[in-house]
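Please prepare a short briefing on the model shown here.

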Amino acid sequence: MTRRRAALIGLLGLAGPVVIATPAFAQSAEAVDTQTYLDNVFVLLSAVLVIFMQAGFALVEAGLTRAKSVANIMMKNMMDFCAGVLAFFAVGFAFAFGEGNDFIGYKGFFLGDGAFTYGTLSLPVFFVFQVAFAATAATIVSGAMAERTKFKAYFVYSIVISAVIYPIVVHWQWGGGWLYQLSTPFHDFAGSTLVHMTGGVASLMGAMIIGPRIGKYDAEGRPRAILGHNIPFAVLGTFVLLVGWYGFNPGSELAADGAIGGIALNTTLAAAAGAVTAMLTIWAKTKKPDVSMTANGMLAGLVGITAGCAAVSTIGSVIIGAVAGVLVVFSVFFFERIKIDDPVGAISVHGVCGAFGTICVGLFATADAEGFWKQGLFYGGGVDQLVSQIIGVVSVAVFVAVTAGALFLAIKATIGLRVDAAEELEGLDVVEHGAPGYSTEPSLEAAMA
Amino acid sequence: MTRRRAALIGLLGLAGPVVIATPAFAQSAEAVDTQTYLDNVFVLLSAVLVIFMQAGFALVEAGLTRAKSVANIMMKNMMDFCAGVLAFFAVGFAFAFGEGNDFIGYKGFFLGDGAFTYGTLSLPVFFVFQVAFAATAATIVSGAMAERTKFKAYFVYSIVISAVIYPIVVHWQWGGGWLYQLSTPFHDFAGSTLVHMTGGVASLMGAMIIGPRIGKYDAEGRPRAILGHNIPFAVLGTFVLLVGWYGFNPGSELAADGAIGGIALNTTLAAAAGAVTAMLTIWAKTKKPDVSMTANGMLAGLVGITAGCAAVSTIGSVIIGAVAGVLVVFSVFFFERIKIDDPVGAISVHGVCGAFGTICVGLFATADAEGFWKQGLFYGGGVDQLVSQIIGVVSVAVFVAVTAGALFLAIKATIGLRVDAAEELEGLDVVEHGAPGYSTEPSLEAAMA
Amino acid sequence: MTRRRAALIGLLGLAGPVVIATPAFAQSAEAVDTQTYLDNVFVLLSAVLVIFMQAGFALVEAGLTRAKSVANIMMKNMMDFCAGVLAFFAVGFAFAFGEGNDFIGYKGFFLGDGAFTYGTLSLPVFFVFQVAFAATAATIVSGAMAERTKFKAYFVYSIVISAVIYPIVVHWQWGGGWLYQLSTPFHDFAGSTLVHMTGGVASLMGAMIIGPRIGKYDAEGRPRAILGHNIPFAVLGTFVLLVGWYGFNPGSELAADGAIGGIALNTTLAAAAGAVTAMLTIWAKTKKPDVSMTANGMLAGLVGITAGCAAVSTIGSVIIGAVAGVLVVFSVFFFERIKIDDPVGAISVHGVCGAFGTICVGLFATADAEGFWKQGLFYGGGVDQLVSQIIGVVSVAVFVAVTAGALFLAIKATIGLRVDAAEELEGLDVVEHGAPGYSTEPSLEAAMA
């Protein structure tokens with residue numbers, strides 16, 4: 001029942017925070033219940049912060065794309081969560097956290113017998129926290145395929161990601177599967193790989209298979225900028241994501257113990273470093289400190305630190321965030337150059353920086369369990385850890401690439417993946433949903449006069 | 001002092017969660033204080049989430065109406081809260097939770113002697129939580145009467161609802177009044193009836209008395225669509241309301257005990273189900289998955305589950321949410337057809353689905369106290385419970401209809417309820433508040449050149 | 001280690017809440033750990049709310065200014081936080097909370113040895129809470145200098161405020177410095193002076209030195225209204241700030257004890273009172289209830305109560321908020337008249353009302369420790385307290401005026417403070433950041449046709 005915790009202990013010998021995190025042993029029986037309630041309150045409120053991230057993803061995607069498909073984008077982000085919740089409740093949670101084999105769970109459908117919970121958490125609290133994560137994985141893909149995907153196709157693939165693809169990779173590690181059982185277990189504390197890179201690799205497959213937006217490349221194949229219609233939305237969304245990440249990372253401790261502060265601190269430092277270095281990089285490259293690239297830099301830092309936030313030092317966090325902020329800029333230009341049109345940079349932010357951050361756990365983790373917020377950089381994992389990190393990243397990337405690729409191709413061959421050109425030029429709001437996202441129609445009163 | 005809790009115990013014999021929720025008896029004296037502080041922290045943070053809902057209501061209303069009155073709408077939503085807080089502090093809280101008779105409280109004005117608190121909560125924490133609820137009831141009405149109501153009239157009726165009408169219905173149940181004292185007590189855990197239907201019925205009276213917006217019906221009396229000006233605002237507001245509901249429902253447990261996880265889970269499932277079925281319903285009806293109707297479906301699911309979130313099973317929650325999502329679509333069309341112009345669908349979302357969800361407690365409550373998050377559907381209340389639910393809904397609806405109706409008619413006869421036609425055509429922002437909500441004026445610099 | 005708490009005890013003899021707030025003494029050893037974890041969870045979640053305020057400040061500033069510089073404004077607000085975090089981590093926290101003398105700390109750089117924490121809080125949690133405050137102080141200045149400041153200049157002064165100026169004034173009081181050591185210690189519970197007035201005075205110096213926006217004054221020197229481009233953003237931002245203030249004020253208790261409810265209650269009442277009186281004041285003055293002035297009134301009430309929220313009665317809170325709401329209106333007109341162009345009213349909201357609220361502690365603090373949420377007004381501090389409050393306000397104001405003034409003059413003389421006139425007329429987005437905040441470009445598709 002405490003496989004994830006056990007994984008954490010096994011990984012880096014984080015004895016300090018773990019011991020103080022097990023109240024059943026450290027405290028008298030009288031105090032256990034209050035600690036249990038506290039754990040549940042903390043993780044539930046963390047889940048609420050993660051759910052709030054849905055609004056952040058919606059705003060970032062809406063802000064960085066054009067006005068004519070803005071309602072479609074908001075709708076997709078509602079459905080990520082809503083259809084995702086029902087699908088994860090029905091089957092996804094069982095695949096991820098149910099009893100099963102090393103590859104997949106197959107008990108606990110509809111939260112029935114065989115569903116797993118963690119430590120002192122009640123099953124409902126654990127589920128609400130995990131379903132918010134599942135919705136995150138699905139929503140990432142929305143951005144990469146924005147402005148040209150059929151809503152019906154989106155509805156289908158979003159459910160499949162939440163219900164099947166994401167749960168399987170989660171089972172490999174957090175569900176106690178084969179990645180966790182490596183002799184040196186894979187370490188991905190809050191999901192740089194399991195959540196973000198999963199979303200990022202699915203984004204890559206989706207963007208490749210659907211192709212670029214009309215007008216993204218000129219006749220000679222040179223990329224052209226398609227500006228986001230609302231930078232305030234994009235930055236507001238970035239702030240909302242930052243806020244939500246304080247649920248995502250500290251909440252992944254799954255207990256209100258002595259580790260959450262250090263996790264929050266590392267998260268803060270990496271976010272800040274990523275934004276600053278992304279800004280400086282784009283400033284050096286284009287002579288202007290671009291706003292949306294800076295926002296993506298903050299997100300890159302956050303994605304990067306998500307795997308190691310409980311295992312690296314403060315200086316390690318700054319380095320991970322800073323490098324992620326540089327990486328995201330070059331990655332965005334790289335994918336644009338190879339003609340993969342990703343309107344929001346999801347592949348770079350979540351895929352590239354997710355993989356990078358996961359591997360960094362093998363480089364920057366410190367064994368000094370009590371002092372992961374201290375300064376200093378310590379190579380604690382050894383080569384074995386680094387190898388495990390690479391195995392995890394590669395295996396998840398391959399699995400998601402194959403399954404998501406097959407999914408998008410199957411959708412393309414059946415209901416169709418992309419709207420037709422005329423619809424794309426008009427924008428998806430009216431065509432797909434029957435009403436524009438912004439209405440500036442001549443007033444009805446004028447029409448009546 | 002524990003009347004509400006007692007009501008809950010009495011209602012369905014929910015022995016399981018209740019026993020673990022009374023730390024004073026279950027734990028040694030040493031741990032009581034920490035549990036008390038935890039209860040207060042949890043309810044205070046829940047109150048903050050409910051206060052955040054004010055932003056959500058403002059955004060939904062603003063997004064679903066026209067740009068020319070957007071500043072007026074934001075102003076109304078500030079005043080709901082601000083004037084509402086002062087009025088509820090002065091008298092409303094005393095009417096609701098002060099010592100008194102079975103109909104109304106009459107002690108505890110300005111939180112003085114005779115003010116009630118609950119369980120382990122300090123009076124300030126209980127007040128802050130309750131005042132956020134009072135503001136919610138008032139703000140619902142704002143949407144139904146949008147784009148044509150005098151600000152001065154709004155200011156008056158908003159205060160009366162927060163200070164008098166809402167507190168009285170609250171006293172009937174949460175204040176230990178006559179509804180709570182029914183032989184099988186009425187059960188409305190977090191306020192499907194007391195908060196939402198109160199707002200919804202007041203909305204109905206307001207929208208009827210003020211009449212439709214100019215241009216809403218053509219010369220033959222056929223309804224015309226008046227599109228919302230900003231769907232991203234409406235959906236962002238819906239996400240904010242979803243987030244806030246995790247304070248609204250779990251926080252209504254008024255303690256950090258073992259029940260809050262199940263409440264959050266049920267809330268999540270109903271919201272998701274409501275959005276999905278509303279989308280499918282409007283899709284079937286109009287061939288397009290309409291975005292604002294889907295958002296209203298999520299809200300309908302949330303309103304529906306609010307009464308029973310601590311008493312029904314997960315499957316019951318999905319059913320309640322799903323039916324509410326269908327219901328809201330037909331209800332919106334119904335009110336439009338009978339010429340009641342409700343720009344945001346407040347009557348349908350809060351009134352119809354609030355009544356529906358409350359009655360469902362009589363149909364779907366399960367007596368299996370430990371397992372309200374288990375699958376399975378259990379008719380636990382019996383006919384007596386169903387009768388009590390209907391008594392509650394009908395009595396509150398009649399009381400609010402009569403008092404809110406009298407209020408609107410009195411305002412109409414004195415200071416006036418509606419702006420004149422020229423002002424309505426121009427929009428309320430400049431006329432009522434002196435400045436537009438959006439300024440795109442030719443730049444001052446150009447004017448100077 | 002408990003200097004701030006000691007200051008609080010020493011100040012007003014607040015024995016009641018303080019005793020119950022020291023679990024290490026009041027409870028058995030068994031319960032201590034859970035109380036410690038609860039304290040840390042509460043302060044960490046409070047920090048998250050304060051971090052969310054960055055989004056609120058960004059939205060208020062963006063909404064109250066013109067569309068042509070909106071991306072610049074969002075960028076500045078990201079950098080406040082991101083550069084501020086790194087600077088405060090490196091040196092600011094040490095200056096504020098490190099071991100040192102009565103004027104400044106000089107140990108604990110990068111959270112190393114000599115860094116201070118408080119009570120039961122872990123150093124990371126205390127740091128995350130404090131860094132959010134530092135970012136707040138810096139972001140206030142952004143609004144006052146909006147629409148005409150070079151981004152590079154902003155980047156520099158924002159870092160200096162977060163890293164040096166703000167930390168020094170914090171050290172004087174919360175770091176145990178000379179203000180705290182006055183025979184009757186200065187009392188500024190959550191920072192009306194240390195945070196808000198610091199930002200407000202720096203705003204005043206910045207706005208004076210940079211001069212008014214082109215077009216703000218006509219040829220005869222009469223002020224002209226430059227309307228905000230998006231009132232919904234401004235009001236949404238105000239709601240976000242309100243929500244964040246529930247972290248700012250109750251979180252400043254730095255423990256999850258019996259005082260947090262009363263602090264939240266006082267915060268609520270002052271916010272409400274400020275909005276209502278500002279609305280009534282501007283309504284009386286201009287015949288229209290102006291929306292942005294009302295929003296500023298809510299913020300004025302919040303700033304005003306920040307110093308005394310743990311020390312005054314509910315009635316005291318209403319009075320402080322109400323007077324701040326009136327004050328802010330007259331102050332805004334005053335600064336406009338003396339040709340200091342402050343686009344968002346930051347000087348008035350944060351500077352004037354911050355000073356006012358701090359001095360009010362000397363007038364309205366009540367010694368009735370158990371009943372600070374009771375009604376009643378009690379002059380508890382005596383003349384000595386009032387004198388200490390004035391000493392604190394004046395000394396901080398002078399220090400900030402001198403240092404921030406020197407900073408802005410130094411920037412002006414080197415890299416330059418203000419964009420040139422052509423750039424200002426065009427707006428900062430394209431000139432400074434290379435892309436507009438809103439893109440309504442003719443579609444690329446059209447261009448290709």
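A salt bridge here is a side-chain nitrogen of Lys or Arg within 4 Å of a carboxyl oxygen of Asp or Glu. Because the model is predicted, local features need pLDDT of at least 70 and side-chain atom pairs count only at pLDDT 80 or more, while totals for chains, interfaces and linings use all residues; side-chain values use heavy atoms, with hydrogens and water left out. Residues are numbered from 1 along each chain as its sequence is written, and chains are lettered from A and ligands numbered from 1 in the order in which they are written.

**Salt bridges**

- Over all chains, the rule gives a count of 24 salt bridges.
- Side chains of opposite charge can pair when their charged atoms come close.
- One such pair is A:Arg213 with A:Glu147, at 2.4 Å from N to O.
- A:Arg213 sits in the loop between helix 8 and helix 9 of chain A and A:Glu147 in the loop between helix 6 and helix 7 of chain A, so this pair ties together parts that are 66 residues apart in sequence.
- Both A:Arg213 and A:Glu147 are buried, where buried means under 20% relative accessible area, exposed means over 50%, and partly exposed is in between (1.4 Å probe, protein chains only).
- In chain C, the side chains of C:Glu147 and C:Arg213 meet in a salt bridge of 2.4 Å, N to O.
- C:Glu147 is in the loop between helix 6 (123-144) and helix 7 (151-173) of chain C, and C:Arg213 is in the loop between helix 8 (192-210) and helix 9 (231-251) of chain C, so the pair ties together parts that are 66 residues apart in sequence.
- C:Glu147 counts as buried because its relative accessibility is 2%, and C:Arg213 counts as buried because its relative accessibility is 4%.
- A:Arg418 forms a salt bridge with A:Glu424, with the closest N and O atoms 2.8 Å apart.
- A:Arg418 counts as partly exposed, at 25% relative accessibility, whereas A:Glu424 is buried with a relative accessible area of 4%.

**Chain A**

- Chain A has 17 helices and zero strands; helices (H or I, at least four residues) and strands (E, at least two) are DSSP runs, numbered from the N terminus.
- Of the 449 residues of chain A, 71% count as buried.
- Among contacts in chain A with a separation of 6 or more, 78% are between residues 24 or more positions apart; contact means heavy atoms within 4.5 Å.
- The accessible surface of chain A is about 12,000 Å², and 68% of it belongs to carbon and sulfur atoms; accessible areas come from the Shrake-Rupley method with a 1.4 Å probe, and for residues only the protein chains shown count as cover.

**A:Leu194**

- A:Leu194 lies in helix 8 (residues 192-210) of chain A.
- A:Leu194 counts as buried because its relative accessibility is 0%.
- Leaving out residues up to four places away in sequence, A:Leu194 touches A:Tyr166, A:Val169, A:Gln173, A:Trp174, A:Phe186, A:Asp188 and A:Val396.
- A:Leu194 and A:Tyr166 are 28 residues apart along the chain, and their C-alpha atoms are separated by 7.4 Å.

**Interface of chain A and chain B**

- In this interface, 58 residues of chain A are in contact with 63 residues of chain B.
- The area buried between chain A and chain B is about 5,100 Å², with 80% from carbon and sulfur atoms; buried area is the accessible area (1.4 Å probe) that two parts lose on being put together, summed over both.
- Helix 4 of chain A gives the largest share of the side of chain A that touches chain B, 16 residues.

**Interface of chain B and chain C**

- Here 57 residues of chain B are in contact with 63 residues of chain C.
- Chain B and chain C bury about 5,100 Å² between them, 80% of it on carbon and sulfur atoms.
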